[in-house]
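Colleague: I would like to learn how to read a structure like this one. Could we go through it feature by feature?

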Amino acid sequence: MSEQHIASAFDRDLEAIQAHIMKMGGLVEAAIMNSARSLETRDEELAQQVRQGDKAIDALEELINEETARLIALRAPTASDLRLVLSVLKVSANLERIGDYSKNIAKRTTVLASGGDINGSAAALRRMAREVERMLRDALDAYIQRDAELAAEVIDRDEEVDQMYNGLFRELLTFMAEDPRNISSCMHLHFIAKNIERMGDHVTAIAEQVVYFVTGERPTEARPKADITSQSA
Amino acid sequence: MMNQMTNVERSVDSKNIKIAANNVQVYYGDTHAIKDVNVEIEDKTVTAFIGPSGCGKSTFLRCLNRMNDTIDICRVQGDILLDGEDIYDKRVDPVQLRAKVGMVFQKPNPFPKSIYDNVAYGPRIHGLAKNKAELDEIVEKSLRRAAIWDEVKDRLDAPGTGLSGGQQQRLCIARAVATEPEVLLMDEPCSALDPIATAQVEELIDELRSRYSVVIVTHSMQQAARVSQKTAFFHLGNLVEFGETGQIFTNPVDPRTESYITGRIG
């Protein structure tokens with residue numbers, strides 16, 4: 001809604017909460033990229049930064065929860081205002097989870113730094129993380145622009161991330177079968193791949209919130225599911 | 001989803017149409033106050049009319065029991081059917097109609113009589129009681145139904161005007177239900193009441209719904225959201241949107257409804 005509320009303080013409250021979401025989104029985008037880069041370049045310092053940075057993300061989520069509760073109590077939002085407030089809560093929860101996955105990747109970076117990279121899989125993980133980060137950026141853009149079409153496109157793109165994960169899963173299985181000494185590294189790499197794949201799911205959930213907030217309807221089509229690793233032996 | 005509220009208290013008990021308005025136009029002299037309103041009000045349902053001042057919601061409410069007949073310059077066109085019968089038919093006696101379609105006003109307006117006589121007045125003029133015992137019974141039942149019996153049972157001879165504002169309003173509701181109406185119209189029934197008395201009246205409205213069709217005009221959107229199952233939004237004499245209350249307050253269809261209920265300049 002471009003129109004202003006008669007109570008201008010209501011507008012300021014809503015804007016403040018959305019500004020927190022954007023700040024949180026920026027921190028999470030950086031966390032995704034930095035965790036993947038630290039993995040590829042064996043940069044323990046950068047990994048440490050990601051782990052430390054998660055505290056700021058968590059604090060922002062707390063702040064958003066508090067301010068949202070306050071806004072609901074004081075302003076009793078309705079219609080698109082209500083949908084905005086509800087979506088803010090869910091978007092911040094999803095961002096917080098993505099931040100946790102980044103932190104988890106950064107933790108494994110340290111472990112992997114001692115072992116060897118397996119056949120360039122760190123680069124593949126970075127490409128996957130790059131795609132998730134782009135999806136997140138578009139989802140947040142869609143949120144700010146009130147663009148349900150862009151959000152729907154983001155939802156569709158999760159399929160690509162799932163397929164990248166499937167490829168990595170098979171690859172890592174092969175490496176482990178080839179040489180049992182690879183198992184430890186491959187397990188870590190697999191967890192990282194799974195974390196990134198889960199990030200994609202959370203980005204999708206954010207995009208779904210955008211569709212709901214903008215249109216008032218939940219996305220109708222079933223989400224594309226391309227993670228088929230649970231079906232293979 | 002959001003639009004299909006499954007809460008028990010929100011389920012509409014009946015799909016029977018109690019009042020059907022077709023192409024209703026109201027004019028005050030040259031002013032076109034109600035423009036082609038079509039609406040179906042269900043039985044055993046609370047329907048809220050909301051909208052800015054002067055939007056026609058009270059005018060339309062007053063059409064439903066022909067209160068506008070008392071205003072000389074007011075003309076009503078179109079059909080308003082109560083149980084399928086045109087209430088503006090020449091053969092309909094407005095006094096009988098208003099016994100069937102009761103009304104509660106913004107300011108509590110008890111008669112300057114005793115609490116007992118306030119409630120007994122309607123049943124007496126409509127001859128609903130054969131003797132004093134029956135009348136006593138009607139008075140007690142009505143006061144109980146209006147959730148005020150316990151507060152006044154020991155002082156039924158005291159003047160109704162001596163009660164507190166919230167009590168007076170519940171006394172007026174008791175007076176309205178004493179004639180066994182089928183529809184209860186309420187025009188801002190809580191605007192002169194404090195939050196506690198408001199909550200009591202709202203609780204009462206919810207109980208009355210099991211027996212009557214209730215139509216309430218309110219400026220409090222939160223009240224409309226709390227008490228009603230259906231909400232109608234009026235703007236400049238038009239019925240802009242009519243729908244399930246949960247839908248109106250989470251995902252209204254018309255941008256004018258959205259602007260109004262979210263507190264924006266429409």
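Colleague: How much of residues 21-109 of chain A is helix, and how far apart are the end C-alpha atoms?

Modeller: This is a predicted model, where local features need pLDDT of at least 70, side-chain atom pairs count only at pLDDT 80 or more, and totals for chains, interfaces and linings use all residues. Residues are numbered from 1 along each chain as its sequence is written, while chains are lettered from A and ligands numbered from 1 in the order in which they are written. Helices (H or I, at least four residues) and strands (E, at least two) are DSSP runs, numbered from the N terminus. Residues 21-109 of chain A are 94% helix and 0% strand, with end C-alpha atoms 28 Å apart.

Colleague: What does UniProt list for "domain: PhoU" in chain A?

Modeller: The unreviewed UniProt entry gives residues 21-109 and 125-210; such annotations may be inferred rather than shown by experiment. Residues 125-210 of chain A are 93% helix and 0% strand, and their end C-alpha atoms lie 27 Å apart.

Colleague: How many helices and strands does chain A have?

Modeller: Chain A has six helices and zero strands.

Colleague: Which residues of H4(B) are buried?

Modeller: A residue is buried if 20 or more other C-beta atoms lie within 10 Å of its own, exposed if 12 or fewer, and partly exposed in between, with C-beta atoms placed from the backbone. In H4(B), the buried residues are Ile138(B), Val139(B), Ser142(B) and Leu143(B). Seen down the axis of H4(B), they fall within an arc of 125 degrees, so they line one face of the helix; the arc is that of the directions from the helix axis to the C-beta atoms. Ala133(B) and Glu134(B) are exposed, on the face turned away from the buried side of H4(B).

Colleague: What do the buried residues of H4(B) pack against?

Modeller: Two residues are in contact if their C-beta atoms, placed from the backbone, lie within 7 Å. The buried residues of H4(B) pack against helix H3 (115-125), helix H5 (149-152) and helix H6 (165-177) of chain B. Just after H4(B), Ala147(B) has a positive phi of about 55 degrees.
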